[in-house]
Amino acid sequence: MAPSSSSGLTFKLHPLVMLNISDHFTRVKTQLNPPSSSCSNGNNNPSTGDATTLPQDFRVYGCVIGAQKGRTVEIFNSFELLLDPTTDTLDRSFLEKKQELYQKVFPNFYILGWYSTGSDANESDMNIHKALMDINESPVYVLLNPAINHAQKDLPVTIYESEFHVIDGIPQPIFVNASYTIETVEAERISVDHVAHLKPSDGGSAATQLAAHLTGIHSAIKMLNSRIRVLHQYLGAMQKGDIPCDNSLLRQVASLLRSLPAAQSEKFNEDFLMEYNDKLLMSYLAMITNCTSNMNEVVDKFNTAYERNSRRGGRTPFM
Amino acid sequence: MSSTENLITSIQGLSASSGDLSALHRILKGAEETLRADSDLQLSTLDQLDPSKHSLGYLYLLDVLTCGGPMSKEKASEVVLLIARFITSCDAEQIRLASDKFVSLCKGFKDRVLELEDPLRGVAPLLSAVRKVQVSTKRLTALHPDCLQLCLQAKCYKAGFSILSDDILEVDQPRDFYLYCYYGGMICIGQKKFQKALELLYNVVTAPMHSVNAIALEAYKKYVLVTLIHSGQFSVSLPKCASTAAQRHLKTWSIPYTEVGNCYNEGKISELQAVVVAHSSDFEKDNNLGLVKQAVSSLYKRNILRLTQKYLTLSLQDIANMVQLANAKEAEMHVLQMIQDGQIHALINQKDGMVRFLEDPEQYKTSEMIEVMDSVIQRTIMLSKNLIAMDESLSCDPLYLGKVGRERQRYDFGEDFDTVPQKFSM
């Protein structure tokens, strides 16, 4: 693993950048193997066990732009670039054209570095990195790991800087890990939330949409619950004395708690219970209706099967 | 003697796995005759076997030993003890292989216990016997009514009530069902759970039957009285789903009860008491006198309940006058009792003797209500599942399919799709 950076710069990453990168990757992946042909691919290659042994090792590239104020580097946006396979460098003319366009709209932003997808940085990336060094003396390299790992809790995004280290007597630039934080603007938060809750495009029925909506709320509440539990455990350990008291952290926790809505009042409990009971009554009513219709079916069938005197009605015996 | 010894060794040897057990069962069935003929067979030979491991063999030997005629009191109590111990420790799997033998053994046990006039000894073993013979909780066995009968005789109603809480869906013999519902109704009356008693007695009265039987008649009499106590209304006609035989004949055999019911509808206490006194010999013959007295006292309650629908406030003296009670003190006692039972909601102002009737204060927004609703919803879900299973089994019934096929053929002559065969050759 690359050692951590010692430049002292703080990096702030906006979620828009991550969304852009992942969207870029997904689009290219779907274009390379559209779902219809992947079925036929599966039939044609029965030897390959799973359908995911397609060119996994393709990568997408692009540039990140932002602003640097003092020691803080804030990465706001990104755009895509094509990698020229012959020279193994990014398309320079396109980059400059895009940079001009962005400069008109966001005069404060300039190119901070580049991004790519993959699991780890490798040697060839250094060439691209060096090529960018004439635009920005110390570019950043944002790497997104597209492999989905459910066990992993953190974001699969790493930011690398380049530093000159003396290796075998020659000063060489190598990639070093830099820590970063996520920074959002209100508008960004809304749009990210919207993207996260995209429903299936065929609409589905009202039932599936409701189920999807409720599942989303359920997972959000579950995550909130687990995070609060972590905090609670931490505070408990601090109280017992296992962990040294950290006053700044305590202040942060206190401010967080004060910003949560007060949900312990008497009125809240009453209203909550009343609404809960109403919902229970509605589901009870639905169950009773269900039962009644089932009972009706059973009785109809029973009467048809075991009716002693069949009803002739107006039916004549001859056809 | 040697054949018995052989049998015992084979029992001991073959009681391990299910394959061995079926072989053992065949041997036992074959050897039953020789066992009966063997006069040297004693109760002491049973000591060689362990009831929990060798249940099947033990069952056969016990049956042969105890099915004899009348026996002396000591022998009877010894036998009873032995059977009780066997029932509590036997293995349910082995018993189910020979369930009718087990049932006849338990019936014999019950008779002996009744002869000894000590029904309490038989309650616990029969309870566990019922649980062991039952294949699933939805099935009624022949032991259910016997167990309930013992509970009634021993007056331990709570034990009997625990059996009644299962929902019965499958019945082998109709007579078991009638007896079960009748005894169950009586136990619920003893526990003062009139709602459940009403359900059970209703089941007996509306059960399909070709001709009126004695159980249904007794059940109808109690049913009339319990309706009076519980819901305060009486209708002469039976519910529509009762069989035609019941509808025609039940009423002619229970005339005193219908008179009581009609009088109750009028609402006059004195007339009701006169009718009760007139027919008291009939009631005593049927052992229903206590129930009739409860019905009379419930008339007061019904009248007070009707008052709550007409008046908002009433003085105690007025209540006493309208309900024909002796004085205001008795009226206050009645009203207090009803408030405690939860039948009405009222406030008694003792200073000026006024009673103010209130609405039901239940707002359905407490957490206890949540538990009640949750359990009710669960029960409905179970019921729905059972109904769907019944529906499926009915759809595969050949009688049903034959009738449906016949009707369809009549409807679409002219179109030859889907000709369902009229008869299924099975």
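The model is predicted, so local features need pLDDT of at least 70 and side-chain atom pairs count only at pLDDT 80 or more, while totals for chains, interfaces and linings use all residues. Residues are numbered from 1 along each chain as its sequence is written, chains are lettered from A in the order in which they are written, and side-chain values use heavy atoms, with hydrogens and water left out.

Chain A has eight helices and 10 strands; helices (H or I, at least four residues) and strands (E, at least two) are DSSP runs, numbered from the N terminus. Of its 319 residues, 23% are buried, where buried means under 20% relative accessible area, exposed over 50%, and partly exposed in between (1.4 Å probe, protein chains only). Chain A exposes about 22100 Å², with carbon and sulfur atoms supplying 59%; accessible areas come from the Shrake-Rupley method with a 1.4 Å probe, and for residues only the protein chains shown count as cover.

Helix α1 of chain A runs over residues 15-32 and reaches 26 Å from its first C-alpha to its last, close to the 26 Å expected. The expected span is 1.5 Å times one less than the number of residues. Among the buried residues of α1(A) are A:M18, A:I21 and A:F25.

Another helix of chain A, α6 (residues 206-240), holds A:I221. On the surface, A:I221 forms a nonpolar patch with A:L210, A:L214 and A:I217, and together they have about 370 Å² of accessible area. Patches are made of residues with over 30% relative accessible area and no salt bridge: like charges are joined within 9 Å, nonpolar side chains (Val, Leu, Ile, Met, Phe, Trp, Tyr) within 5 Å.

Chain B has 21 helices and five strands, and 44% of its 426 residues count as buried. Its helix α11 covers residues 194-205. Residues buried in α11(B) include B:F194, B:L198 and B:L201. What do the buried residues of α11(B) pack against? They pack against α9, α10, α12, α13 and α17 of chain B, a contact being heavy atoms within 4.5 Å.

At the interface, 26 residues of chain A are in contact with 26 residues of chain B. The buried area is about 2600 Å², 70% of it from carbon and sulfur atoms; buried area is the accessible area (1.4 Å probe) that two parts lose on being put together, summed over both. One salt bridge is found across this interface, a salt bridge being a side-chain nitrogen of Lys or Arg within 4 Å of a carboxyl oxygen of Asp or Glu. A:K301 and B:D391 form a salt bridge, with their closest N and O atoms 2.8 Å apart.
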